[in-house]
Amino acid sequence: MNVAIQQTRAEQALIDAFPAFRAGAPLAPWLDQQREAGYSAFTALGLPHRRIEEWRWTDLRRALQNAYLPLTEPATPAAGAIEALMANSPFTGLDAARLVFVDGRFDPQRSELPVAEGLTVLTLGDVPDAAPAWLKESFGKLYGPEQDPIRALNTAFLRDGAAIHVAAGISIAQPIEIVSIVSDPAAHLSGLRNVVVLEAGASLTFIETHLGADADHVAGMVTEVRIGDDASLQRVKVQDDGLSAAHLANLHVEIGARAKFREFTATVGSRLSRNQIFAKFRGEGAEANISGAYLLAGKQHCDTTLVVNHAVPECTSRELFKAVLDDEAHGIFQGKLIVEQYAQKTDGKQQSHGLLLSERAEFDAKPELEIFADDVACGHGATAGQLDENLLFYLMARGIPEAQAKSMLISAFVAEAFDAVEHDGIRERLTELAEGWLISRGEKRDG
């Protein structure tokens with residue numbers, strides 16, 4: 001017997017809003033076809049709920065009760081509001097090219113477009129129907145579940161995003177930053193779709209920075225990355241949305257032979273965030289280093305769900321996630337490592353660690369290994385605990401005040417995750433971000 005699923009108010013509002021949104025946000029026909037397919041998928045899937053195993057700790061049906069509709073007109077933020085948000089970015093002043101998107105729309109006035117031989121940068125809002133093959137071959141076609149609610153929602157309400165292509169053998173020295181800013185205080189849905197393609201032997205560092213006013217909005221983000229043979233990509237993401245926001249994000253990655261992929265995500269903002277990462281090795285001898293850090297307080301909730309698929313032999317993957325949780329914050333890490341039948345000589349290791357600064361804070365870890373080959377070296381580890389009292393006593397016994405000693409231990413705990421970031425300037429900014437968070441927590445406790 002088939003039982004019809006009752007749509008929630010939020011789901012029905014999104015479904016009803018689609019025709020008007022589509023009419024008001026024209027795209028190239030091939031993208032519009034993708035958008036319609038995304039709408040059909042979202043109509044069938046709806047928002048995920050806790051009865052779905054992968055979503056047991058992050059029940060979006062329950063968490064998103066309001067009608068979050070996309071903006072039909074550009075927002076009119078208060079004077080200086082966007083500049084104030086950008087000034088708080090950890091990467092202000094960093095030598096990087098920037099593509100700035102405000103409330104889901106490209107803002108050319110605030111952007112500094114990169115110019116380099118072999119580098120192509122497009123915005124999806126302006127991409128023609130005769131789009132380059134690399135874009136059409138990657139958009140919506142990289143590794144990950146075909147029926148995924150975050151990707152379906154993002155595709156259905158696609159308006160804009162960045163598309164970056166680096167030609168074979170080209171190394172782009174200057175990082176490229178994609179800045180997403182939410183300025184409208186009204187409850188709404190916004191999102192971006194980014195596509196990054198590196199041909200064989202290319203290299204690039206790109207940053208995703210998410211900044212937002214303290215608005216009750218939902219950000220639905222999808223980034224798709226294809227790394228060619230012998231190519232190298234470093235991606236760094238900082239999620240610092242307002243504390244009333246919900247941030248839903250997918251990263252889909254396919255890695256070619258002997259390629260190197262480094263990924264780091266820092267989460268400090270939003271009341272609820274779900275970061276999904278789907279990575280697949282497509283060629284032998286490749287490496288992936290995926291890491292992240294959560295710095296959460298209050299009732300913030302952050303869920304990282306990661307799937308790494310070793311589909312070919314002799315690839316190496318390392319995953320390390322650190323969570324610092326204060327007050328009633330809730331951190332979740334779900335990590336699955338898949339080793340397919342012919343992926344011999346796979347080397348995969350996964351670790352997740354939670355540091356609880358309050359008795360009410362919570363960290364849940366669910367590591368999984370699915371191994372179908374017999375000559376592999378794979379493992380995982382997960383811990384959750386409080387500050388080491390012996391180390392704290394050691395520092396205080398040498399005259400260091402308790403608050404400073406705790407900050408030192410917390411900094412040391414989370415800093416290990418930053419080691420995966422190769423770019424010195426970016427790593428320093430991330431360290432400063434963590435130190436700023438610790439100082440603000442200390443000031444609140446002292447105040």
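## A buried aspartate

Let's start with one side chain: that of Asp303 makes a polar contact with the side chain of Thr305, at 3.0 Å. Keep in mind as you look around that this is a predicted model. Asp303 belongs to strand S14, which covers residues 301-310.

Is Asp303 buried or exposed? Its relative accessibility is 0%, and because buried means under 20%, Asp303 counts as buried. What surrounds Asp303, once its neighbours within four places in sequence are left aside? Asp303 is in contact with Thr58, Ser273, Arg274, Asn275, Tyr294, Ile332 and Gln334.

The crossing of H7 past H8 is right-handed.

Which residues bring the pair together? From H7 come Leu391, Leu392, Leu395 and Met396, and they meet Glu402, Ala405, Lys406, Met408 and Leu409 of H8. Sorted by type, the residues of this contact between H7 and H8 are seven nonpolar and two charged, with no polar ones.

## The two ends of H7

Both ends of this helix are worth a look. At the start of H7, Asp388 has a side-chain oxygen that comes to within 2.8 Å of the backbone nitrogen of Asn390. Just after H7 you will find Gly399, with a positive phi of about 85°.

Notes. Residues are numbered from 1 along each chain as its sequence is written. This is a predicted model: local features need pLDDT of at least 70, side-chain atom pairs count only at pLDDT 80 or more; totals for chains, interfaces and linings use all residues. Side-chain values use heavy atoms; hydrogens and water are left out. Helices (H or I, at least four residues) and strands (E, at least two) are DSSP runs, numbered from the N terminus. Buried means under 20% relative accessible area, exposed over 50%, partly exposed in between (1.4 Å probe, protein chains only). A polar contact is a pair of N or O atoms within 3.5 Å; within protein, one must be able to donate a hydrogen and the other to accept it, and residues adjacent in sequence count only if both atoms are side-chain atoms. Contact means heavy atoms within 4.5 Å. A crossing is left-handed if the near helix is turned anticlockwise from the far one by less than a right angle, and right-handed if clockwise. Ala, Val, Leu, Ile, Met, Phe, Trp, Tyr, Cys and Pro count as nonpolar, Asp, Glu, Lys and Arg as charged, and the others, Gly among them, as polar.
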